[in-house]
Amino acid sequence: MNYELFVSWNPDLVAFHLGSYSVRWYGLCWILGLLAAYLIVKRLYREQKIRPELFDPLFIYCFFGILIGARLGHCLFYEPGYFLSSWRHVVEMFLPIHFLADGSWRFTGYEGLASHGGTIGLIIALWLYVRRTRVNIWRVLDNVAIATPVTACCIRLGNLMNSEIIGKATDVPWAFVFERVDMIPRHPGQLYEAVAYALFFFVGWYLYRKYPHRVGTGFFFGLCITLIFTARFFIEFTKDIQEAFEADMILNMGQLLSIPFIIIGTVCMACPKLMKRLGAES
């Protein structure tokens, strides 16, 4: 096999240093993704003449909803046997630390975040935000959904910089050799997702400009999660398994968790009257 045909991938995990503090690419991608979504949704609120004071708490709700949901999603969906086996491991679910054998601990950052959990956490956080502000829930969900693919794209680029969530072995000419993992050419599954999510943002933005009256119907929320999780379902076929228990599964955990979101998203797009009634009841 001619390895010169493939992309050799082994970037530094650290983007830059601030004194003694190291800023990693993964964390930087998360920050840039959230910042982009913040600016986009702020613009949408302004265009729709929603009172500025109603926007201020939205970012805080979204930030903690995504982070907590993504962390718990990884721990409970992919490694429940570890994280539920002792009180110390339960603590590791919530704090970015790892307990050592001698009882001491070290700071690790959050090693393991699941997009499905992040989506659930975001929806719960937005529901709490709506309960406080009384903004129509479908208007909030639609506005956040228009910006969400940008954040999802940045997160997957962070995964790429970390050489994690790697693809299956392949000989396609655009294969990546993740030198930090092994010397086998693999599908860059993270890049596939990042490109798809960037495309979905432009699709959503175009439709918003063409049909702004559909904000508040649940259409853009449904479009977002249908596109993202349908892409995720099929791209998973190119990825290597993340956990050993997935080895004998026909569909892996990521695919199984994607199916309910695809169904929910399709219903949101197909049944605007139902979504309007549910929004009124909330």
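Hi everyone, let's start in the middle: the largest nonpolar core has 52 residues, and Y45, L58, L126, Y129 and V140 touch the most other members. By nonpolar core I mean a set of buried Ala, Val, Leu, Ile, Met, Phe, Trp, Tyr and Cys residues joined through side-chain atoms within 4.5 Å. Buried is under 20% relative accessible area, exposed over 50%, partly exposed in between, with a 1.4 Å probe and protein chains only.

Helices that each supply at least two residues of this core include α1 (25-47), α3 (58-78) and α8 (189-210). Helix α7 gives the most, with twelve residues. Helices here are DSSP runs of H or I, at least four residues, and strands are runs of E, at least two, numbered from the N terminus.

A quick word on the source: this is a predicted model, where local features need pLDDT of at least 70 and side-chain atom pairs count only at pLDDT 80 or more, while totals for chains, interfaces and linings use all residues. Residues are numbered from 1 along each chain as its sequence is written, and side-chain values use heavy atoms, leaving out hydrogens and water.

Now, which residues does V150 touch, not counting those up to four places away in sequence? They are A36, I40 and F201, with contact meaning heavy atoms within 4.5 Å. V150 is in α7, residues 137-161, and it counts as buried because its relative accessibility is 16%.

F201 takes us to α8, where it is one of the buried residues, along with W205 and Y208. What covers the buried residues of α8 includes α1, α7, β6 (176-178) and α9.
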